Amino acid sequence: MTRFTVNNQPIEYKLDPATPLLWALRDASNLTGTKYGCGTGHCGACIVDVDGAAVKSCMVTIAAIEGSFVTTIEGLSRERAHPLQLAFIAANVPQCGFCIPGVIMAAAVLLKRDGNPGEDAIKAAITNICRCGVYPRLIDAIQRAGR
Ligand code: FES
């Protein structure tokens, strides 16, 4: 049994402790906003917030985050959209949209640390791969959300 908190809900997972967090979230908790892109730690589609850090959930086992607090894209906003979500809509960022939850989660972690990041700080923090190439728009949106 592995215990940690997901989107403010304490959960006990009866899974192999070596299960990647990504699959616990998607398959056991039905939180499918967290995406499987590469499974090798390169693309960032699977990024969630673990104890305030942007973590590639395909690369971490559930045993490694026992007792942690995890926030997924579903938990980022409850009653109203998060400022990042509003800014992504305003800047018309998504094309196919597959990578966007991971980008928003990485950006949310960045904005907690730096409320008004410059382009260089955004480029350093957001290393997610977007096959549609919407990088200029997502940088614009993250800056809008920070203002
Ligand atoms: Fe985890 Fe690509 S699916 S980094």
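Predicted model: local features only at pLDDT ≥ 70, side-chain atom pairs only at ≥ 80, totals over all residues.
Colleague: Is D51 buried, exposed or partly exposed, and why?

Modeller: The general idea is to count neighbours: a residue is buried if 20 or more other C-beta atoms lie within 10 Å of its own, and exposed if 12 or fewer do. D51 has 13 other C-beta atoms within 10 Å, and therefore it is partly exposed.

Colleague: Which value of phi does N30 have?

Modeller: The phi of N30 is about 60°, a positive angle although the residue is not a glycine. Because N30 has 8 C-beta neighbours inside 10 Å, it counts as exposed.

Colleague: Which residues of helix α1 are buried?

Modeller: Helix α1 covers residues 21-28, and its buried residues are L21, L22, A24 and L25. These buried residues pack against two strands, β1 (2-6) and β2 (9-13).

Colleague: Let us turn to the domains. How is the protein chain divided?

Modeller: The chain has a domain 1, spanning 2-76, and a domain 2, spanning 83-146. Between the C-alpha centres of domain 1 and domain 2 there is a separation of 20 Å. To the contact of the two domains, domain 1 gives 17 residues and domain 2 gives 13 residues.

Colleague: Which elements supply at least two residues of the side of domain 1 that touches domain 2?

Modeller: They are β3 (47-50), β4 (53-56) and α2 (73-76). The largest share of that side of domain 1, 3 residues, is supplied by β3. By class, the residues of the side of domain 1 that touches domain 2 comprise 9 nonpolar, 6 polar and 2 charged.

Colleague: Where does S77 lie?

Modeller: S77 belongs to the loop between α2 and α3. S77 counts as partly exposed because it has 15 C-beta neighbours inside 10 Å. Leaving aside its neighbours within four places in sequence, S77 is in contact with H82 and Q85. S77 and N7 are 70 residues apart along the chain, and their C-alpha atoms are separated by 9.8 Å.

Colleague: How are two packed helices described?

Modeller: One gives the angle between their axes and the distance between the axes. Here, α3 (residues 83-90) and α6 (residues 135-146) have axes that come within 8 Å and cross at roughly 135°. The two helices are therefore described as oblique. In handedness, α3 passes α6 in a right-handed crossing.

Colleague: Which residues of α3 and α6 make the contact?

Modeller: From α3 come P83, L84, A87, F88 and A90, and from α6 come A141, R144 and A145. The contact of α3 with α6 is made up of 7 nonpolar residues, no polar residues and 1 charged residue.

Colleague: At what angle do the axes of α3 and helix α4 cross?

Modeller: The axes of α3 and α4 (residues 100-113) cross at roughly 130° and come within 10 Å. This pair is therefore oblique as well. The crossing of α3 and α4 is right-handed. On the α3 side, the contact uses L84, Q85 and F88, and on the α4 side it uses I100, I104, A107 and A108. In the contact of α3 with α4, 6 residues are nonpolar, 1 is polar and none is charged.

Colleague: One residue remains. Where is the place of A121?

Modeller: A121 is located in helix α5, which covers residues 119-125. With 16 other C-beta atoms within 10 Å, A121 is partly exposed. The C-alpha atom of A121 is separated by 19 Å from that of G133, and these two residues are 12 residues apart along the chain.

Definitions and conventions:
Residues numbered from 1 in each chain as written. Helix = DSSP H or I, 4+ residues; strand = E, 2+ residues; numbered from the N terminus. Contact = placed C-beta atoms within 7 Å. Domains from an automatic or database assignment. Nonpolar A, V, L, I, M, F, W, Y, C, P; charged D, E, K, R; others polar. Axes fitted to C-alpha atoms, helices over the stretch in contact; angles between N-to-C directions. Parallel < 35°, antiparallel > 145°, perpendicular 65-115°, else oblique. Left-handed = near helix turned anticlockwise from the far one by under 90°.
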